[in-house]
Amino acid sequence: MSETASTRATRTSHDRLSITAPALLTSLAPLLTEWLPRQRWFAGKGRPITGFQLVSATELLPCAAGGATPGLLHLLVRAQQSAAPPGAPQPAPPEGPADPAAADCYQLLLGVHSALPPQLAPAVIGRPAGGPLHGRTVYDALPDARLCALLLERLRVPGRLGGLRFRRVPDSTISSGLPARPLTAEQSNSSVVYGDAYILKVFRRTAPGLNPDLELPLALARAKCARVPAPAAWFETDPGPGEGEPVTLGVLQPYLTGSADGWQLALNALAVQADFTSSARALGHATAEVHTALAGTLPTTELYRPQLDAVAAQMNERLVATARVVPALRPYCGRLRTAFDELAALGHDGRAWPAQRIHGDLHLGQTLRTADEGRWSLIDFEGEPSRPLAERRRPQPAVRDVAAMLRSFDYAARSGPSGGDPWSLEWARRTRAAYCLGYAEAGGLDPRSAPELMRAYETDKAVYEVLYEARHRPNWLPVPMAAVRRLAGAPASRGPGGDPGPDLDGADGRA
Ligand SMILES: Nc1ncnc2c1ncn2[C@@H]1O[C@H](COP(=O)(O)OP(=O)(O)O)[C@@H](O)[C@H]1O
Ligand SMILES: [Mg+2]
């Protein structure tokens with residue numbers, strides 16, 4: 001007989017806890033219903049939570065009442081949600097599961113204690129009114145350095161605990177007792193820094209299968225590509241029935257001390273009207289090195305007419321769905337669609353285009369430059385979290401990452417106090433060109449040789465941004481809308497008189 005998620009949860013609870021899963025969940029549900037939607041990483045914003053399903057519960061530290069130290073409870077819970085309430089903006093693809101059975105699964109690390117120090121007050125989730133944790137304070141454990149220390153210890157000494165498996169890269173050595181410092185910047189996941197030596201990322205929304213943020217850095221480490229911090233350890237849980245691979249839950253990797261992220265560096269340069277072309281060119285080198293290593297170590301494929309047609313159709317669907325939600329996009333749809341038609345046409349004469357594993361969500365915020373050597377690294381290979389994992393792990397044209405980074409330079413130039421002034425826009429043009437130049441110099445496909453691919457991917461990214469900004473940050477909507485206007489200008493194939501899609505003119509080193 002196959003094991004269901006709920007029996008698995010109960011069994012895990014019986015193995016590890018003196019409390020039963022149904023009672024635990026019943027007592028936590030009202031608290032989580034309030035707390036989850038307030039978290040930055042909660043993906044189902046705008047749709048009321050209607051219930052929870054416990055996937056697994058593991059007691060990492062005893063949660064029995066009366067202890068002087070906090071307990072630590074690891075939970076995987078599915079949040080069931082209804083459709084958006086009438087009158088509220090309706091979710092549109094690609095974000096938001098339509099099928100309740102596809103309810104998002106979240107990873108929670110809960111501290112359980114009778115009394116909390118005042119500095120942990122912002123982490124409080126609440127006090128269950130009944131159930132096995134009755135009267136205790138339940139809180140988000142990751143801001144608690146004491147509880148984070150335990151996670152590092154578990155990763156240092158690999159092994160199993162309940163349904164969780166802690167694994168270490170064979171030749172890695174992890175020091176014990178490193179002080180934990182939770183990162184406070186709001187991100188898609190939650191990260192903790194250990195003594196400036198390691199950073200642990202705890203994935204908040206989990207999906208069945210190997211997370212590309214573990215898979216790709218491990219592959220790059222095997223390929224001796226030093227542009228990505230190599231994982232030292234990770235933890236995972238057994239797959240559910242029929243799910244195949246273990247579910248990646250968290251990854252520990254070296255912390256790049258003193259590094260600054262590319263977004264901040266670009267904004268700093270813009271604030272003092274400083275040139276960014278040599279940095280962008282070096283970042284192009286780094287991107288090409290990562291792409292070359294990924295193509296050399298993981299499966300590649302070729303996209304023929306049917307695949308290109310499918311990619312173009314998917315982009316078109318996203319455009320239509322976004323225009324339904326964002327009326328400002330509608331006047332441009334016809335012209336934008338020509339970018340996708342041109343992409344599909346690339347396969348019509350029997351030509352094939354290479355596809356490989358890529359970063360999938362590349363932007364300046366996913367790059368770090370070390371202070372001492374000025375060397376760029378790429379981080380966060382999870383891909384666009386709103387897309388299904390299987391889609392994120394599929395080989396794609398590498399220029400998709402290049403196009404995404406070009407959008408990021410545009411974002412930087414259009415944000416901040418003087419954003420969008422002529423100097424900033426010229427900064428963006430030169431920076432984009434320098435990045436493409438660096439990419440081609442280091443062996444990547446010269447973006448100038450694939451204008452149709454570049455325009456299609458840049459257009460698709462801009463459409464994605466329009467939906468994101470309309471939903472989450474309406475003040476930023478003018479940024480992707482400016483790109484929409486530019487990209488709707490003319491087909492890539494029209495030549496120098498038309499819009500070349502991405503600004504590739506000047507990518508000859510004079511940028
Ligand atoms: N190896 C690292 N060294 C230094 N800082 C890092 C490292 N990895 C991540 N960071 C910092 O943590 C932040 C979040 O990491 P990221 O992997 O992008 O997580 P998320 O999935 O939450 O976006 C980054 O923006 C960066 O500031
Ligand atoms: Mg990130």
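Reader: Is lysine 224 buried or exposed?
Author: This is a predicted model. The relative accessible area of lysine 224 is 71%. The cut-off for exposed is over 50%. Lysine 224 therefore counts as exposed.

Reader: In which loop is lysine 224 found, and what is its phi near?
Author: Lysine 224 belongs to the loop between α4 (212–222) and β12 (233–237). The residue is not a glycine, yet its phi is positive. The value is near 60 degrees.

Reader: Is valine 228 buried or exposed?
Author: Valine 228 also has its place in the loop between α4 and β12. Its relative accessibility is 8%. Buried means under 20%. Valine 228 therefore counts as buried.

Reader: How far apart in space are valine 228 and proline 254, C-alpha to C-alpha?
Author: In sequence, 26 residues separate valine 228 from proline 254. Pro254 is listed among the closest residues around ligand 1. From C-alpha to C-alpha, valine 228 and proline 254 are apart by 9.7 Å.

Reader: How many residues surround ligand 1?
Author: The closest are Gln187, Asn189, Lys201, Pro254 and Leu256. The shell divides into 8 nonpolar, 7 polar and 3 charged residues. The number of residues around ligand 1 is 18.

Reader: Which strands each supply at least two residues of the shell around ligand 1?
Author: One strand spans 198–202 and the other spans 247–254. Each gives at least two residues to the shell. They are β10 and β13.

Reader: Between which domains does ligand 1 lie?
Author: One domain covers 150–254 and the other covers 259–494. Both give residues to the shell, so ligand 1 lies between them. They are domain 2 and domain 3.

Reader: Which side chain has an N or O atom 2.9 Å from a nitrogen atom of ligand 1?
Author: A polar contact needs a pair of N or O atoms within 3.5 Å. Here the ligand atom is a nitrogen, and the separation is 2.9 Å. The side chain is that of glutamine 253.

Reader: What share of the accessible area of ligand 1 does the protein cover?
Author: An oxygen atom of ligand 1 is 3.3 Å from an N or O atom in the side chain of glutamine 366. An oxygen atom of ligand 1 is 3.0 Å from an N or O atom in the aspartate 380 side chain. On its own, ligand 1 has 550 Å² of accessible area. Of this, the protein covers 90%.

Reader: Where does aspartate 196 lie, and is it buried, exposed or partly exposed?
Author: Aspartate 196 sits in the loop between β9 (190–194) and β10. Its phi is positive, near 60 degrees, although the residue is not glycine. Its relative accessible area is 36%, so aspartate 196 is partly exposed.

Reader: How are the rings of tyrosine 411 and tryptophan 476 arranged?
Author: The structure holds 7 aromatic pairs. In this one, the ring centres are 6.0 Å apart and the planes lie at 20 degrees. Planes under 30 degrees apart count as stacked. The pair of tyrosine 411 and tryptophan 476 is therefore stacked.

Reader: How many residues apart are tyrosine 411 and tryptophan 476?
Author: The pair links distant parts of the chain. Tyrosine 411 is in helix α10 (residues 399–414), and tryptophan 476 is in the loop between α12 (451–472) and α13 (478–487). Tyrosine 411 is buried at 9% relative accessible area, whereas tryptophan 476 is partly exposed at 26%.

Reader: Which residues do ring pairs link into a cluster?
Author: The structure has 7 aromatic pairs. Ring pairs join residues into a cluster. Its members are Trp35, Trp41, Phe42 and Tyr106.

Reader: What is the relative accessibility of phenylalanine 409?
Author: Phenylalanine 409 has its place in helix α10. Its C-alpha is 9.6 Å from that of leucine 425, 16 residues away in sequence. Phenylalanine 409 counts as buried, with a relative accessibility of 0%.

Reader: What separates the C-alpha atoms of glutamine 307 and alanine 344?
Author: Glutamine 307 is in helix α7 (residues 305–325). It is partly exposed, with a relative accessible area of 34%. Alanine 344 is 37 residues from glutamine 307 along the chain. Their C-alpha atoms are separated by 8.6 Å.

How values were computed
Residues numbered from 1 in each chain as written. Chains lettered and ligands numbered in written order. Predicted model: local features only at pLDDT ≥ 70, side-chain atom pairs only at ≥ 80, totals over all residues. Heavy atoms only, no water. Near = heavy atom within 4 Å. Polar contact = N/O pair within 3.5 Å; in protein donor to acceptor, adjacent residues only side chain to side chain. Areas by Shrake-Rupley, 256 points an atom, 1.4 Å probe, with all protein chains shown as cover. Helix = DSSP H or I, 4+ residues; strand = E, 2+ residues; numbered from the N terminus. Nonpolar A, V, L, I, M, F, W, Y, C, P; charged D, E, K, R; others polar. Domains from an automatic or database assignment. Buried < 20%, exposed > 50% of the residue type's maximum accessible area, 1.4 Å probe, protein only. Phe/Tyr/Trp six-rings, centres within 6.5 Å; stacked < 30°, edge-to-face > 60°.
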